[in-house]
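Me: I have a new structure to look at, and I would like to understand the words used for it. Could you walk me through them?

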Amino acid sequence: MKIVVAYDGSDHAKKALFFALNLIKKEDEIHLVTIVKEAPRSPEQVIIQSEQRAKQMQDEVVSELSDYKIVQKILESNDVADSILQYCNNIGCGLIVTGSRGLTGIKKAILGSVSNALVSKSNVPVLVVK
């Protein structure tokens, strides 16, 4: 199975990734997807400005995952959720994994805006890790 992990380098994203590793088989393919240059939605929003920084964040965690099949993907977009969903559809993924909150936007009571959009719009299962 192909699993898309929405990864922004936040603690929530790392927790989601490592939680998912406990559920999958070694032969499953993990697609670590990072979106750069999202349009800010609030003054305190932290965004990943460059592909170089995104690659560096991914490389840091991938170095710990040598036993798994990892595909690193960096996409440039103004909409994180839609980009992840489009990528998932393009590769035929069977599961999307995301943290409950990431580096973006104002904190919400239950889910972050990206995880909420993924759950609402996805036609494949979405695992939100708190």
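Predicted model: local features only at pLDDT ≥ 70, side-chain atom pairs only at ≥ 80, totals over all residues.

Me: What makes up the secondary structure of the chain?

Reply: The chain has four helices and five strands, and from the N terminus they run β-α-β-α-β-α-β-α-β. Helices (H or I, at least four residues) and strands (E, at least two) are DSSP runs, numbered from the N terminus.

Me: Why is V5 called buried?

Reply: Buried means under 20% relative accessible area, exposed over 50%, and partly exposed in between (1.4 Å probe, protein chains only). V5 has 1% relative accessibility, so V5 counts as buried. V5 sits in strand β1 and touches L17, I30, H31, L32, V33 and V97, leaving aside residues up to four places away in sequence. Touching, or contact, means heavy atoms within 4.5 Å.

Me: And why does K55 count as partly exposed?

Reply: K55 has 37% relative accessibility, and therefore counts as partly exposed. K55 belongs to helix α2 and touches Q72 and I74, again not counting residues up to four places away in sequence.

Me: What about C93, buried or exposed?

Reply: C93 comes out at 7% relative accessibility, so C93 counts as buried. Its place is the loop between α3 and β4. The C-alpha atoms of C93 and K2 are 4.6 Å apart, although 91 residues separate them along the chain. K2 is also among the residues that C93 touches, together with V4, C88 and V124.

Me: How do you know that the buried residues of α4 line one face of the helix?

Reply: The buried residues in α4 are V114, S115, A117 and L118. Seen down the axis of α4, they fall within an arc of 160°, so they line one face of the helix. The arc is that of the directions from the helix axis to the C-beta atoms. An α-helix has 3.6 residues a turn, so residues three or four places apart point the same way. The cover over the buried residues of α4 includes α3, β4 (95-99) and β5 (126-129).

Me: What puts the buried residues of α1 on the same side?

Reply: In α1 (residues 11-21), the buried residues are A13, A16, L17, A20 and L21. They cover an arc of only 135° around the axis, which puts them on the same side of α1. Their cover includes β1 (2-6), β2 (29-36), α2 (51-62), β4 and β5.

Me: Why are α3 and α4 called oblique to each other?

Reply: The axes of α3 (residues 80-91) and α4 (residues 113-121) come within 8 Å and cross at roughly 45°. Axes are lines fitted to C-alpha atoms, for helices over the stretch in contact, and angles run from 0 to 180 degrees between N-to-C directions. Angles under 35 degrees count as roughly parallel, over 145 as roughly antiparallel, 65 to 115 as roughly perpendicular and the rest as oblique. Therefore α3 and α4 are oblique to each other.

Me: Which residues meet there?

Reply: V80, A81, D82, I84 and L85 in α3 meet V114, A117, L118 and K121 in α4.

How values were computed. Residues numbered from 1 in each chain as written. Heavy atoms only, no water.
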